[in-house]
Amino acid sequence: MPEVVSLSGIGVCAGIAAGPLLRIADVPALPPVGVFDSSEAEIDRAFVALGEVVADLSRRADRATDATVAEVLRAEAMMADDEALRDAVREHVADGADAVHAVDRAFGAYREMFLDAGGYLAERVADLDDLRNRAVAVLLDLPMPGVPHPGYPFVLAARDLAPADTADLDPAYVKALVTEVGGPTSHTAILARALGLPAVVACPGVLGIADGTLVLVDGAAGRVDAGIDEAAAQAATRDAAQLAAAASTLTGPGQTSDGYGIKLLANVGSAKNVPAADEVHAEGVGLFRTELLFLDRTQEPGLDEQIAAYRDVFTAMSGRRVVIRTLDAGADKPLPFLNQEGEPNPALGVRGLRIARQRPEVLATQLAAIAEARSQTGADVWVMAPMVSTLAEATTFAAAVRDAGLPKAGVMIEVPAAALRAADLLQVVDFLSIGTNDLSQYTFAADRMCGALADLLDPWQPALLQLIGICGDAGRAVDKPVGVCGEAAADPGLAPVLVGLGVTSLSMSPRALPAVRAALAGVSEEECRRLARLAVAAPDAVEARKLVL
Amino acid sequence: MPTRTVAVGSASGLHARPAKLFVEAAAAAPVKVTIRVGDRKPVPAKSMLGVLALGAKQGTEVILEADGDGAEEALNGLAALLARDLDASDA
């Protein structure tokens, strides 16, 4: 049996797939600088090559069926069709570079600028590299680098994927994506989710795996096992297919094999997401994010507009539970109208419920709108606040919710201080909902966006599970619901552990729900409690997984 | 030279869609317009790469400059466009 090598990265789209790994065609190597007679002819050659790249991207944009893909391809075409870039090429040729090197250097200068700017622009470096590689390939008379088309199913590996690559992906053949770099907001992540492909990014070592090696990709765990044998690959593929088939036939309320009920709920941002939730028989909405309405705005949306937006979701969910979260702005979701520029450390700044300290009227208007929308519809509306740390905050919020005439008030558990005091909080609120992404970030003092710290943000970290357990125990003691609505809720392997810790509902993106339902149906409640004890007692996340899975 | 200083209004900054709309508008202007942040080197406003490389975020002040016939009008239009939240509009 070949030796299996496990690589880890950040899972950005859940799911399991296996197959031979193939890398994106190598980037053409640059030949030595050539000698040329006419600068003008050399400049022309470079411009023609850039023109071909632009034309190719435009053709792909026209062909793309997905509007998002088409838009990114058009943006890339604009980057290649750039007067300043052509000026730079002209200058480099004047300095003695041939067409290939002039193009390479012109893109290289922008590459450095993008890297220096950091953040969003640094993640766009993959786009620039892609354009450069395409133009260089044209000039060297080589095929443009891109996704292989071997005619059989495979796992695609790359340093990073550019929009132009992902546009070419045929989900009938590409079973999973693994990239060496990239982050949770890279194109690879965004497009993997759009296509529903298991994907792992920021996975060092993946390019060291030889083409054709059988690999297993676990997009929930962020793991890639290389060198598995044919039988293991087939078993994994069969399991994934069976799980999907079983999960899609299994419907109805979530429960363990012995009938212990766990509410399986959907995360939604607007009424547009409700059909997807219905398709997987979600029992309600466990997280209605209200930021969408506010995100694109320089001014707070008015009362009537908010009522209409909330009413749409409540109506679609008539008779079912809808847990609506009040505005969760700040940190990674700054809102222009709140004018939060200048916080030195936004993740630790005035965000979530803390905004009500400065702008209480924003919360008051929102609660009034929720109450009015509820009175016009038949949904079972629960309201919760994000970023709560203390009993005093929970008390004030619960009073505001009840004053607005709303029956159920809860708080999110995202701050360790709140988890430690879960029992106190449940004296004044009706329910808790654990946001595992932020709770990880604040427990491990590790930025959610930092790919290099992905291991600390693993939802299997025993310290995180221990905090969830404190909340679960507090809920059991007074018989009040404790939900999880972060990424962790979408991990079928972790679901029994969470239930064993005392979690009573799991809310996730609808796509993940059938697999979680199936996972819970396969274990008893007692077994869930046993697995929870094992996971919490484990020395680290890797061991916790091994002990449970 | 006619100049406008304007704070970027788009929630996501001068990236992606807002950058695309701005560059398209600048390319359609009858005069050559440059854009810069602070004392940094101005770049042609119709250069997508140059505009992206400014790294301008929401609230970043950018300076537009142009010369010649129609410069004032072109700058007014582009400044107004930058001040708007281009992520929000469906147009």
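In the predicted model, strand β10 of chain A, residues 284-289, is mostly covered, with five of its six residues buried. This strand has a parallel neighbour in β9(A), residues 263-268, to which three bridges join it. Within this pairing, A:Asn267 lies opposite A:Leu287 of β10(A).

The loop between α9 (230-249) and β9 of chain A contains A:Ser257. The relative accessibility of A:Ser257 is 48%, and this residue is therefore classed as partly exposed, since that class lies between the limits of 20% and 50%. When residues up to four places away in sequence are left aside, A:Ser257 touches A:Leu520, A:Ala521, A:Gly522, A:Val523 and A:Ser524.

A second residue examined on chain A is A:Arg545, which is located in helix α23, residues 541-548. A:Arg545 counts as buried because its relative accessibility is 11%, and the limit for burial is under 20%. With residues up to four places away in sequence not counted, the contacts of A:Arg545 are A:Ala221, A:Asp458 and A:Trp460.

The second largest pocket has a volume of about 500 Å³. Its lining comprises 19 residues, of which A:Tyr110, A:Met113, B:Lys41, B:Pro42 and B:Val43 are the closest to the pocket centre. Four elements each supply at least two lining residues: α3 (83-94) and α4 (99-117) of chain A, and β3 (43-44) and α2 (48-53) of chain B. The greatest contribution to the lining of this pocket comes from α3(A), which provides five residues. By residue class, the lining of the second largest pocket consists of 11 nonpolar, three polar and five charged residues.

How values were computed:
Residues numbered from 1 in each chain as written. Chains lettered and ligands numbered in written order. Predicted model: local features only at pLDDT ≥ 70, side-chain atom pairs only at ≥ 80, totals over all residues. Heavy atoms only, no water. Buried < 20%, exposed > 50% of the residue type's maximum accessible area, 1.4 Å probe, protein only. Pairing = 2+ DSSP bridges. Contact = heavy atoms within 4.5 Å. 1 Å grid on protein atoms, 1.4 Å probe; cavity = no way out; pocket = protein on both sides within 12 Å on 5 of 7 lines; lining within 4 Å. Points joined across faces, edges and corners; volume = space filled by probe spheres on them. Nonpolar A, V, L, I, M, F, W, Y, C, P; charged D, E, K, R; others polar.
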